[in-house]
Amino acid sequence: RIELQHIPAHCVHNAHMFYIKCHNLADRTAFIAHMRERDVQCVFHYVPLHSAPAGLRFGEFVGEDRYTTSESDRLVRLPMYYRMSQKDCDTVIQAALDYFKAA
C-alpha cells in the first residue's frame, strides 16, 4: 500500500526526514486526515516548482511532467525531530498501521 524511501547501498540516510509514498493524492489526503485525528502532524512534502505561484510567474516547464506532480501527490512526511521519544515514535507507527489496516 505504500512505498518507503530508498537509500542506495553506497549512501547513508542523513536523517533530516522520513517519508512514505501513498497510492495517490486521495490516499495521501485521507492518511494525513487520519493522522491528524490522532494528533499526529504529517505534512505533504512539496509543491512542484512548475505549479507553485512563483514557478508559474517566473519559470517555465519544459518537456512532459511524467513524474514530478504524481510523485509529489503521493509523498507525505512523517514526524521526525530531535529528541523524539520512543512513546512518540510508537504513537506515529500505531496510527499509521491503524490507517493501513482499516483501508
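How many disulfides does the structure hold? The structure holds zero, a disulfide being a pair of cysteine sulfur atoms within 2.5 Å. Cys22 is in none, and the nearest cysteine sulfur, that of Cys42, is 9.0 Å away. That distance is too far for a bond.

This is a predicted model, where local features need pLDDT of at least 70, side-chain atom pairs count only at pLDDT 80 or more, and totals for chains, interfaces and linings use all residues. Residues are numbered from 1 along each chain as its sequence is written, and side-chain values use heavy atoms, with hydrogens and water left out.

| Residue | Relative accessible area |
|---|---|
| Cys22 | 0% |
| Cys42 | 4% |

Next come the strands (DSSP runs of E, at least two residues, numbered from the N terminus). Two strands pair if DSSP finds at least two bridges between them. S2 and S4 (residues 75-78) pair in the antiparallel sense over four bridges. Lys21 stands opposite Leu75 in S4. S3 (residues 43-44) also pairs with S4 in the antiparallel sense, over two bridges. Here Phe44 stands opposite Val76.

What lines the largest pocket? Its lining has 14 residues, and Phe18, Leu78, Val92, Ile93 and Ala96 lie nearest the centre. By class, the lining has 14 nonpolar, no polar and no charged residues. Helix H4 (86-102) and strand S2 (18-21) each supply at least two lining residues. The largest share, six residues, comes from H4.

Technical notes. On a 1 Å grid over the protein atoms alone, a cavity is a set of points where a 1.4 Å probe fits but cannot get out, and a pocket is an open set with protein on both sides within 12 Å along at least five of seven lines; lining residues have an atom within 4 Å of a point. Ala, Val, Leu, Ile, Met, Phe, Trp, Tyr, Cys and Pro count as nonpolar, Asp, Glu, Lys and Arg as charged, and the others, Gly among them, as polar. Buried means under 20% relative accessible area, exposed over 50%, partly exposed in between (1.4 Å probe, protein chains only).
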